[in-house]
Amino acid sequence: APDRALDLARQAYVLSPGGQTADTLGWILTSTGKADTGVALLRQASAEAANDPRVQYHYAVALKDTGNKQDAIKLLTAVVAVKGDFTEKAEAQQLLDALNKGS
């Protein structure tokens with residue numbers, strides 16, 4: 001259940017507020033339509049995990065969902081340029097393509 005996941009992520013963040021827990025909580029919020037709340041957590045996660053493309057991708061989605069399209073494009077461009085693969089690389093590329101097309 002998403003509510004249970006959200007509660008657990010919130011508890012984890014309160015107990016240990018760092019990049020990983022901020023990413024988890026921020027991503028759950030963003031994925032459930034609460035990007036306006038999630039974006040601040042993902043901004044923190046992004047600053048603390050600058051070399052983690054998954055975290056950067058999550059932040060880019062939150063930026064897009066809160067209307068910061070140009071920042072999202074900038075971030076996604078950097079994310080898809082990362083050498084090697086990561087779980088959401090294909091999604092990052094699709095989102096970048098869609099944003100560049102203007103959707």
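1. Start just after helix α2. There, G33 takes a positive phi of about 80°. Keep in mind throughout that this is a predicted model.

2. Now step back into α2 itself, which covers residues 19-31. Its length checks out. At 1.5 Å a residue, the 13 residues of α2 should span 18 Å. The end C-alpha atoms of α2 are 18 Å apart, so expectation and model agree.

3. Take T30 as a worked example. T30 sits in α2. Is T30 buried or exposed? T30 has a relative accessibility of 5%, and the cut-off for buried is under 20%, so T30 counts as buried. Which residues does T30 touch, leaving aside neighbours within four places in sequence? They are A35, G38, V39, L42, V61, A62 and D65. Of these, A35, G38, V39 and L42 are also buried residues of α3.

4. Helix α3 passes the length check too. Its 14 residues should span 20 Å at 1.5 Å a residue. The end C-alpha atoms of α3 are 19 Å apart, which agrees.

5. The buried residues of α3 are A35, G38, V39, L41, L42, A45 and S46. Their cover includes α1, α2 and α4.

6. Look next at how α3 meets α4. Two packed helices are described by the angle between their axes and the distance between the axes. For α3 and α4, the angle is about 145° and the axes are 9 Å apart. The crossing of this pair is left-handed.

7. Which residues make this contact? From α3 come A35, V39, L42, R43, A45 and S46. From α4 come V55, Q56, H58, Y59, A62, L63 and D65. The residues of the contact divide into eight nonpolar, three polar and two charged.

8. Turn to the cores. In soluble globular proteins, nonpolar side chains tend to be buried together. Here the largest nonpolar core has 19 residues. Those with the most contacts inside it are Y57, Y59, L63, L76, A92, L95 and L99. Which helices give two or more residues to this core? They are α3 (35-48), α4 (53-65), α5 (69-81) and α6 (89-101).

9. Not counting residues up to four places away in sequence, A92 touches Y57, L76, V79, V80 and F86. Two of these partners, Y57 and L76, are also on the list of residues with the most contacts in the largest core. There is also a second, separate core of eleven residues. Its members include L25, I28, L29 and V55.

10. Helix α5 also holds T77. T77 is partly exposed, with a relative accessible area of 42%. T77 and A90 are 13 residues apart along the chain, and their C-alpha atoms are separated by 12 Å.

11. Finish at the start of the chain. A1 is in the segment before α1 (2-15). Why does A1 count as exposed? Its relative accessibility is 81%, and exposed means over 50%.

Note on methods. Residues numbered from 1 in each chain as written. Predicted model: local features only at pLDDT ≥ 70, side-chain atom pairs only at ≥ 80, totals over all residues. Heavy atoms only, no water. Core = buried A, V, L, I, M, F, W, Y, C linked by side-chain atoms within 4.5 Å. Buried < 20%, exposed > 50% of the residue type's maximum accessible area, 1.4 Å probe, protein only. Helix = DSSP H or I, 4+ residues; strand = E, 2+ residues; numbered from the N terminus. Contact = heavy atoms within 4.5 Å. Axes fitted to C-alpha atoms, helices over the stretch in contact; angles between N-to-C directions. Left-handed = near helix turned anticlockwise from the far one by under 90°. Nonpolar A, V, L, I, M, F, W, Y, C, P; charged D, E, K, R; others polar. Expected span 1.5 Å × (residues − 1).
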